[in-house]
Amino acid sequence: MTNNKKSAPALKIIPLGGLHEIGKNTCILEINDEIILIDAGIAFPNDEMHGVNIVLPDMTYLRENRHKIKGMIVTHGHEDHIGGIPYHLKQFDIPVIHGPRLAMALLQGKLEEAGVANRTVLKTVSPRDMVRVGTSFVVEFIRNTHSMADSFTIAIHTPLGVVIHTGDFKIDHTPIDGEFFDFQRLAEHGEKGVLCLLSDSTNAEVPGHTPSESAVYPNLDRVFAQAPGRVLITTFASSVHRVNIILQLAQKHKRVVSVVGRSMLNVIAHARNLGYIKCPDNLFEPLHAVSNLPPEKVVILTTGSQGEPMAAMTRIANGEHRQIKIKQGDTVVFSANPIPGNTIAVVNTIDKLMIQGANVIYGRDKGIHVSGHGAQEDQKLMLSLTRPKFFVPVHGEHRMLVQHAKMAHTMGIPPENTVVINNGDIVELTENSIGVAGKVPSGIELVDRCGIVHDNVLKERQQLAEDGVVTVAAAVDWEGKLLAKPEIHLRGVVSLVEKSLLEQLVVKTIERTLSDRWTDFAKSFEGSELDIDWAGLQVQIESDLRRLARRELQSHPLLIFLLQAPEEPPVKVTGRRRRSTARVAS
């Protein structure tokens, strides 16, 4: 690039997700009022996020600066890197998205399903391709190795210099697909000078090297050879290399494969079309057909390695799958380790499968799974090849980021040239300095099947789950008197207070509020016309009932109060604030 470095403004690096956590990896680079995005992923909800399907980063900054967005770079096709894109495109356009063939094929289907395919243009790239995004960025795609096929590290050429973002990576010298890590190109950048490195920190606490994906093959081979009946195996649907190994072993042991789970079917279809998985069509059989085959001739490849509630393996474990029931002699293989937060769901699934008679093979000691992220020696090699002036550890929980930063210090990068940051921090980078120069809105956005789950809705769900719900319905006349005994219902509420006593307390509370506050909400105009603020009265009674519930029940149940007002006033009412009926849930 021909830009004059001396006159170039600072480059802003703003991560919106992926720091102090695993998942929803999203990063912004901004210079000269131009923004490019690097990935836009999702995370899985925790146990307190009731009814939530996915977790997104807070995208307020991008919504407010949508006019600056020039494009997006996708490093690979894992959900924690591309899963958020359809949701973001409903809020703002992205002119162009550049990324690997497999990731773009998976993304195309997501965008079409979400109805936002017209909000961007997808462009595929190959190793060492260079693409210009806006006027300030030229992005180079450098082949790396990861648990997913078609994965890239990127070198971003800016007016200040080259910034390298590793994406997710491991050092695999015997990759399943024969696509080797392009160490030569990384070393060339290191020789010329790398201004800043942003590097995957996921396994910064793990000593040594991460084993090759090929190391899984002999251990899974042994499982297939020793299984007396059906083999049911689950792994990440997007782990194309692992899926490829499973399909090769099925061929070797003369078993047919039935694929269960929409995401698994989708990834296999795209990977076969693009040549990342090569196997004959007759290897596959539909689920209804394999039920008639001898058990020792069957492999069932499913989703659900993380204990997801609706995934196939979880439904099988719960006895809820219509077509698959566990039988004596079945071997169930979990070819994946639980990601943080999913451990309890996974072990519960394993327990249920064992109770039904399955031989379940799982755990790190079995050698049936290897990480897709480099360990300490792999991360050191990345630092050695690129020799960056400045360093920012990304993609990991806080302790991982800290460990990665310490590792960089031992390799000659001064502490003052390293920053450990949070989501939302603005890293300001110049030719000679790096530092945190402010913060943008950060946090999470929760999504269920219907849309965004706002904080107040999640709080209500948590109240329902923890303390239950109390509903009270009352009818009030035009004189501020109860027309009938209020109806009270408790659901999921544990109380030492008898319901009859609670009903008396509710009646007294409502009557007291009506007596003490009626004149605040009922006004007369010209001595005859009556105007009553029913909504305001409802809020006041509801507030008093909430205090009563907390005091008497010693908990915080969700309170829903329904106020029924009479349909016709005693005299004609023309006041602006009159409402004949007020039913408001809180």
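This is a predicted model: local features need pLDDT of at least 70, side-chain atom pairs count only at pLDDT 80 or more; totals for chains, interfaces and linings use all residues.
Residues are numbered from 1 along each chain as its sequence is written, and side-chain values use heavy atoms, with hydrogens and water left out.

The chain holds 16 helices and 28 strands; helices (H or I, at least four residues) and strands (E, at least two) are DSSP runs, numbered from the N terminus. Its C-alpha trace spans about 90 × 75 × 45 Å along the principal axes. Of the 586 residues, 54% count as buried, where buried means under 20% relative accessible area, exposed over 50% and partly exposed in between, with a 1.4 Å probe and protein chains only. Among the contacts (heavy atoms within 4.5 Å) in the chain with a separation of 6 or more, 72% come from residues 24 or more positions apart.

In β2 (residues 26-31), 6 of the 6 residues are buried, so the strand is largely enclosed by the rest of the structure. T26, I28 and E30 are buried on one side of β2, and C27, L29 and I31 are buried on the other. Two strands count as paired if DSSP finds at least two bridges between them. Strand β1 (residues 11-17) runs antiparallel to β2, joined to it by 5 bridges, and here G17 stands opposite T26. Strand β3 (residues 34-40) is also antiparallel to β2, with 6 bridges between them; C27 has I38 of β3 as its bridge partner. β2 and β3 form a hairpin with 2 residues between them, and N32 in that turn has a positive phi of about 55°.

Which residues of α5 are buried? In this helix (residues 183-192) they are R185, L186, H189 and G190. Seen down the axis of α5, the buried residues fall within an arc of 145°, so they line one face of the helix; the arc is that of the directions from the helix axis to the C-beta atoms. What covers them includes β9 (137-143), β10 (152-158), β11 (161-165), β12 (194-200) and α12 (376-386). Q184, E191 and K192, on the other side of α5, are exposed. Just after the helix, G193 takes a positive phi of about 120°.

Another packing is that between helix α4 (residues 101-114) and helix α8 (residues 262-273), whose axes are 9 Å apart at an angle of about 130°. That angle makes α4 oblique to α8, because angles under 35 degrees count as roughly parallel, over 145 as roughly antiparallel, 65 to 115 as roughly perpendicular and the rest as oblique. In this pair, L102, A105, L106 and E113 of α4 meet R262, N266, V267, H270 and A271 of α8.

Strand β16 (residues 331-334) is the last stop. Both of its faces are covered, with T331 and V333 buried on one side and V332 and F334 on the other. Strand β13 (residues 231-234) runs parallel to β16, joined by 4 bridges, and I233 stands opposite V333. β16 also pairs with strand β17 (residues 359-361) in the parallel sense over 3 bridges; there the bridge partner of T331 is N359.

Terms used:
Axes are lines fitted to C-alpha atoms, for helices over the stretch in contact, and angles run from 0 to 180 degrees between N-to-C directions.
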